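Trainee: Could you walk me through this one before I set anything up?
Mentor: Gladly; have a look at it and then ask away.
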Amino acid sequence: MAPIITKEQLDNAISEVVKATMKKVYSEHEEKTSSKTHYPVKSPGLRIRNLPETTAENRNARIMAERDQVLDVIKHMGEEACASITDIYHAGKFRENAKPRPLIVKFSNPWQMRKVLANVHKMKTFSRVNVVISKELVGEELKLERRLLKKRYDLIKNGEAKKQSIRIRKLKLFVDGKEISV
């Protein structure tokens, strides 16, 4: 007949196995991240423009109001991505009587961000404001966009093209449907 063990003995045995497993996982993680060439990967993010600035005096109330605005937008698109949102913050410095700063929304999962971007077309029926959602640009993409905007400004200023005929799509500049090199 097998020996009978108490619940306390079983709990202790399970606890020891869990501790040993966690110790192994932590040591493997430490080995992977301790090298000097390890750089943290920037979490994916979206830029949401044209949401009105919240006017709450209290910082916590302001944060909650911004969170509610973002959740309303994402739920309008029919996404369950709300659970994977890790951070929401404004880009830029606050200025009185200026247009609203864009909100940066960070996700823990890149797939959730892609699902939201795939459903951006549903924002045309969003009743409150003309909300624009785009991928957050980082590094070289941001520098390229600045160059494109400067080139666009120069074309308009010099009278080489009308404002309505210039488009920037997928980090490329088009005038009357023809791509212009920067």
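Trainee: In what sense do β5 and β6 pair, and over how many bridges?
Mentor: β5 and strand β6, residues 172-175, pair in the antiparallel sense over 4 bridges, where strands are DSSP runs of E of at least two residues, numbered from the N terminus, and pairing needs at least two DSSP bridges between them. This is a predicted model, in which local features need pLDDT of at least 70, side-chain atom pairs count only at pLDDT 80 or more, and totals for chains, interfaces and linings use all residues. Residues are numbered from 1 along each chain as its sequence is written, and side-chain values use heavy atoms, with hydrogens and water left out.
Trainee: Which residue in β6 is the bridge partner of arginine 169?
Mentor: Lysine 172 is the bridge partner of arginine 169.
Trainee: And what order do the strands of that sheet have?
Mentor: The order is β5-β6-β7 in an open, antiparallel sheet of 3 strands, with β5 (166-169) and β7 (178-180) as the edge strands, each pairing on one side only.
Trainee: Switching topic, what does valine 70 contact?
Mentor: Leaving aside neighbours within four places in sequence, valine 70 is in contact (heavy atoms within 4.5 Å) with Ile48, Ile85, Ile88, Leu103 and Val105.
Trainee: What lies over the face of tryptophan 111?
Mentor: Arginine 114 does, at 4.8 Å from the ring centre; the criterion is NZ of Lys or CZ of Arg within 6 Å of the ring centre and within 35 degrees of the ring normal.
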